[in-house]
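Here are a few exercises to work through with the structure open beside you. Try each task on your own before reading its solution.

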Amino acid sequence: LSPNADAPAFAGVGKYGIGGMDLSDDGNILYFVNLFDKKVYSIDLTNYYATGNLPTASNVSSITISDPGCSNGSFRPFALKIREGKMYIGMVCDASSGTTSKLVAYVKSFDLTSQTWSDVFDFPLTYPKGYPDQADGTRTGWYVWSDDPAVVNPSNNQAVMHPVPILSDIEFDMDGTMVLALMDRTSHQYGIQNTDFWNGSSWQLSSVWLVA
């Protein structure tokens, strides 16, 4: 394939497709996050295991993810974990129309029996995370979400250093400690040896090094 520009894909990262996925404690139900409509879909696999017949629409249901109430932006769910009858969802406030002070990560739980949401905890994403460039110690935090290449890579550099948070995974240690993973949205917006960045008038072909 020839190098190409796919602007909708650049803007759609973290907003379209499937996020976290997990099975129920008994393995009979598959849960996954729909990033676009911000719902968790569940597929009952019981009949599939018993008969080998693929699930149909009648085996699918959905749960609307509880909105944490973000300021200057939207909430972006991704992480999902099922544990002991509860579903845990991880999300960030993207601060897309504000500043980094509005970047917040949330974890909420959904009781699969009572069908109720609860807040687990939240934390600001303004902490001085490790800087992506060892030669430049001034870049110590996360950036707000943006769909504009001129914001993500304003200098049209080949080395893109613009870490943008997605709360991507939730796991539990043997002692019950919750472990969270954050990944960089920017690293999914760019490609290697593709039409990688915007020079102000057109997309340019170059190798891009992504540093989160």
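**Exercise 1: A salt bridge and its surroundings**

At 13% relative accessibility, Arg 76 counts as buried. Keep in mind that this is a predicted model.

Task: Which residue forms a salt bridge with Arg 76, and where in the chain do the two partners lie?

Solution: 
- Step 1. The partner is Asp 94, and the closest N and O atoms of the pair are 3.0 Å apart.
- Step 2. A salt bridge needs the nitrogen within 4 Å of the carboxyl oxygen, so the pair of Asp 94 and Arg 76, at 3.0 Å, qualifies.
- Step 3. Arg 76 sits in strand β5, whereas Asp 94 belongs to the loop between β6 (86-93) and β7 (104-111). The two are 18 residues apart, and the pair links distant parts of the chain.
- Step 4. Asp 94 is buried as well, with a relative accessible area of 1%.

**Exercise 2: One lysine, two partners**

Task: Find Lys 81 and work out which residues it forms salt bridges with.

Solution: 
- Step 1. One partner is Asp 22, where the closest N and O atoms are 3.9 Å apart.
- Step 2. Another partner is Glu 171, with the closest N and O atoms 3.1 Å apart.
- Step 3. Now check accessibility, where buried means under 20%. Lys 81 has 16% and counts as buried; Asp 22, at 18%, counts as buried too. Glu 171, at 35%, counts as partly exposed.
- Step 4. To widen the view, a search of the whole structure finds 7 salt bridges. Lys 15, Asp 147 and Arg 185 are linked in a network of them.

**Exercise 3: Reading a sheet**

Task: In what order do the strands of the 4-stranded open sheet stand, and why is one side of β1 and of β4 left without a neighbour?

Solution: 
- Step 1. The order is β1-β2-β3-β4, with antiparallel pairing.
- Step 2. β1 (18-23) and β4 (60-64) stand at the edges and have a single partner strand each, so one side of each has no neighbour in the sheet.
- Step 3. On average, neighbouring strands of this sheet are turned by 20° against each other, direction ignored.
- Step 4. Zoom in on one pair: β1 and β2 (residues 29-34) are antiparallel and share 4 bridges. Ile 18, for example, has Asn 34 in β2 as its bridge partner.

**Exercise 4: A disulfide and a glycine**

Task: Which cysteines form a disulfide, and are they buried or exposed?

Solution: 
- Step 1. The count comes to 1 disulfide. Cys 70 and Cys 93 form it, with their sulfur atoms 2.0 Å apart.
- Step 2. The angle about the S-S bond is -80°, and the link is left-handed.
- Step 3. Cys 70 is in the loop between β4 and β5, and Cys 93 is in strand β6, 23 residues away. Both cysteines are buried.
- Step 4. Look next at Gly 73, which also lies in the loop between β4 and β5. Gly 73 is partly exposed, at 29% relative accessible area. Among the residues it touches are Asp 94 and Ala 95.

Note on methods: Residues numbered from 1 in each chain as written. Predicted model: local features only at pLDDT ≥ 70, side-chain atom pairs only at ≥ 80, totals over all residues. Heavy atoms only, no water. Pairing = 2+ DSSP bridges. Axes fitted to C-alpha atoms, helices over the stretch in contact; angles between N-to-C directions. Salt bridge = Lys/Arg side-chain N within 4 Å of Asp/Glu carboxyl O. Buried < 20%, exposed > 50% of the residue type's maximum accessible area, 1.4 Å probe, protein only. Contact = heavy atoms within 4.5 Å. Disulfide = S-S within 2.5 Å. Lists of a residue's contacts leave out its neighbours within four places in sequence.
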